[in-house]
Amino acid sequence: MNDAAPWIDPELVAAGRLLQSRGLVTPDRTQAPLSEVRAAVDRIGAFLGEGSVPLRGERDVSLPGPHGQVPCRLYLPDNAEKPPLIIYAHGGGFMQGSLPSWDAMLRELVRQSGVAALSVDYKLSPEHRFPVAFDEIVAVIRLAAREGSEFGIDPKRLAVGGDSAGANLALAAAVALRDGGERALDFLLLIYGCFSTDTESQSWQRFGRGAGLSQTQMRWIWETYLERPEQQRDRRAAPILANLAGLPAAHLVVGNLDPLLDDSHRLANGLTRAGVPCELKVYEGLNHGFIRYGRLIAAARRAVGDCAAALQKAFPD
C-alpha cells in the first residue's frame with residue numbers, strides 16, 4: 001500500500017476553511033448532545049443550499065408507514081409527464097439529517113436527469129432504532145409502486161438511492177424487495193454507502209483516523225443505531241452480506257479519501273460477480289460527504305451530473 005500523502009482537492013480544503021471561518025462546524029457526535037449535533041448539521045446544510053431555487057413541482061407529502069406517518073418531499077421535474085421516480089434516503093449516520101439539507105443536491109439531480117425524486121425523512125436513532133428506518137424506506141417504495149400515479153410519476157419506473165447511511169438503507173430495501181419477489185425497482189444510486197459494519201478495512205485504517213468520519217464515530221453510530229451487537233450480521237443492517245444476484249443495475253459513487261472506499265469496491269465487485277450491471281465512479285481528492293458541496297467544489301457538481309446521466313441512461317424516454 002502506498003503511504004505517500006494523497007492528493008486532496010484544493011476546493012475541498014478551501015470549503016473546509018470557509019465553513020470553519022463561519023463557525024459552521026459539527027461537534028463530535030460521540031460527545032456532544034444530539035440536539036446540538038443535529039442543529040449544526042442543519043446549519044451547514046442551509047449554508048450549502050443557499051441560492052438553490054425550488055422546482056415548480058415541489059411539495060411536502062406525508063405518507064403512511066409501519067411506524068406512523070413518514071414526512072417526505074417530492075421534487076417533480078419541470079414540464080415532465082409521468083416521469084420516473086427515485087426514492088431517496090439522506091445520509092447522517094442514521095441519527096441526523098433533514099429534508100431541507102438535501103434540497104439543493106436533489107433539485108439539481110432532478111433538473112439534470114428529468115427523473116423525479118422523493119426524499120424520505122425516515123425516523124432517526126436513537127429515538128427509533130433498527131429496523132425502523134429500513135422498514136420505512138421499504139414501505140415508501142411499495143407505496144410509490146402501488147399509488148405513484150397519484151404523485152404524478154410513473155410507478156412502473158422506480159429507482160432507490162441515498163448517500164452514506166441512506167445508501168445502506170437503499171441497498172437493504174432493494175434486497176428485501178428482491179427477496180419478496182417484488183419487481184418494483186429498476187435502478188440503484190448508491191453514494192459512498194456503508195454497506196457493511198466493518199470498521200477495520202484498509203480504507204478505514206488509512207482514512208478513518210483523523211477529522212471527518214472516523215472509526216470511533218462509525219462504531220458509535222452502529223452502537224446507537226442497532227439494539228443488539230448480533231444485528232451487525234443482519235442483512236438489513238449489512239446488506240453486502242446478502243446474495244446480490246437479481247438486484248437492479250447500480251451506479252456507485254465514492255471519493256478516494258473516504259474510509260468507506262473499500263465498502264464501495266467490495267459491493268461493486270460483488271454485484272459484478274452476481275451478474276448485476278454496475279458502474280463505480282471514484283472521485284480523486286475527495287473524502288466522505290462531498291455530494292452536497294456542489295456550490296463550493298467542482299468535482300461534487302460533476303458527481304451530481306454523473307448521477308443524473310446514470311439515471312437518464314436507466315430511464316430512457
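How many bridges join strand β1 to strand β2, and in which direction do the two strands run?

**View 1. The pairing of β1 with β2.** Nine bridges join β1 (residues 57-65) to β2 (residues 68-76), and the two strands run antiparallel. Strands here are DSSP runs of E with at least two residues, helices are DSSP runs of H or I with at least four residues, and both are numbered from the N terminus; two strands pair if DSSP finds at least two bridges between them. Two residues lie between β1 and β2, which form a hairpin. Within this pair, V61 stands opposite C72 in β2. The model is predicted: local features need pLDDT of at least 70, side-chain atom pairs count only at pLDDT 80 or more, and totals for chains, interfaces and linings use all residues. Residues are numbered from 1 along each chain as its sequence is written, and side-chain values use heavy atoms, with hydrogens and water left out.

**View 2. The open sheet.** Eight strands form this sheet in the order β1-β2-β4-β3-β5-β6-β7-β8, with mixed pairing. Its edge strands, β1 and β8 (278-283), each pair on one side only. From one strand to the next, the twist averages 20° (axes are lines fitted to C-alpha atoms, for helices over the stretch in contact, and angles run from 0 to 180 degrees between N-to-C directions).

**View 3. The pairing of β6 with β7.** Strands β6 (residues 185-191) and β7 (residues 249-255) run parallel and are joined by five bridges. Here L188 stands opposite A250 in β7.

**View 4. Helices across the sheet.** Helix α5 (residues 165-179) lies across β3 (85-89), β5 (158-163) and β6, at about 145° to β5; contact means heavy atoms within 4.5 Å. Helix α8 (residues 261-273) lies across β6, β7 and β8, at about 160° to β7.
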